[in-house]
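We will go from stop to stop, selecting as we go.

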Amino acid sequence: MTRSFVHPALFYRTDTEYLDGLVPFVTEGDGPVAVAVPPDRLRLLRSALGGAAEHITLIDMSEAGRNPGRIIAGVLREFADAHPDRHVRIVGEPIWAGRSELEYPACAQHEALINFAFVGRDVTIVCPYDTSRLDPVAVADARETHPEVWEGEQRYDSAQYAPAAVVDRYNQPLFEPDAPPVFVAAAPAEVSETRHRAADLALRLGLDPARVPDLELIVTELVTNSLEHADGICLLRLYRHGDHLVCETRDTGHITDPLAGRHPPQPGQFGGRGLLLVHQLADLFRTHTGPGGTAHYALLRLAA
């Protein structure tokens, strides 16, 4: 039997439309089901499902998907890969009205990349969009990142489907800070000193001491990854942006795999997990890459 991946966007405006679209999807049919949505949507669905909720894996997307770059490996693939021989149904709502302008481009790229991450898989992932509250840009992007749209009783193919174009459109530099301190690493032997100097600066910039181990791992992985895969030096900057500490690295490399950092580790795999780990540790992780070089931006929330 030919396996097919199904990835519709569900457009809804009211709670009733939300439930009408999702309750039959998660309750009708056999096979494992997961629902990863924001907390208010979880409460709504749990109440509507009643006892049926006990048979569904419920996930708070505001935590599991706080950094959208975690979702493919840590939510969708983790659940689907646990059931390799069965048809898997997932509801994933990574874009909601509370998402920030910093987060949204990563969310849109994530939605586009799902289509490449599940080629040939017997999986259906429905992504709800609250068209009454979301920016029209997000709704328009959804038509590009989903090959199919569910809207009320209608089910139709999206004429605007073009996920690669969305990945490219949001492949943009995040910040151009005003001459923040720069650390330079030119060899693996310099990674340790760079990590310690970065940790000291992060504390001065207001990072919670409890998050310093995360910052140190992020610095280690980003700098090491840069030195391994790019020619020349790695430039590291740390600076504040609003309520975040930004850890930025720049090098001359060009990432050609759009799913880099989103591939789940394979049994016995040695290496190749650096960007995946950064996605897990950072509150937001974005990348700008091209023939002229690559910039990574790992953001950690500062203490209130």
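Which residue in β10 stands opposite H241? Select H241 and look across: H244 stands there.

Before moving on, note that this is a predicted model, where local features need pLDDT of at least 70, side-chain atom pairs count only at pLDDT 80 or more, and totals for chains, interfaces and linings use all residues. Residues are numbered from 1 along each chain as its sequence is written, and side-chain values use heavy atoms, with hydrogens and water left out.

**Stop 1: the sheet.** Select residues 234-241 (β9) and 244-251 (β10). The two strands pair in the antiparallel sense over seven bridges. Strands are DSSP runs of E, at least two residues, and helices are runs of H or I, at least four, numbered from the N terminus. Two strands pair if DSSP finds at least two bridges between them.

Now show the whole open sheet: five strands, in the order β8-β9-β10-β12-β11, with antiparallel pairing. β8 (182-185) and β11 (284-290) each have a single partner strand, so one side of each lacks a neighbour in the sheet. Neighbouring strands are turned by 15 degrees against each other on average, direction ignored. Axes are lines fitted to C-alpha atoms, for helices over the stretch in contact; angles run from 0 to 180 degrees between N-to-C directions.

**Stop 2: the helix across it.** Select α9, residues 212-229. α9 lies across β8, β9, β10, β11 and β12 (293-301), at about 15 degrees to β10. Pick S226 in this helix. Is S226 buried or exposed? S226 counts as buried because its relative accessibility is 1%. Buried means under 20% relative accessible area, exposed over 50%, partly exposed in between (1.4 Å probe, protein chains only). Leaving aside neighbours within four places in sequence, S226 is in contact (heavy atoms within 4.5 Å) with I233, C234 and D251.

**Stop 3: the largest core.** Select L76, I90, F118, V123, I125 and Y129. These have the most contacts inside the largest nonpolar core, which has 38 residues. Such a core is a set of buried Ala, Val, Leu, Ile, Met, Phe, Trp, Tyr and Cys residues joined through side-chain atoms within 4.5 Å. Its largest share, seven residues, comes from α5.

**Stop 4: helix α4.** Select residues 71-81. Eight of the eleven residues of α4 are buried, among them L76 and F79.
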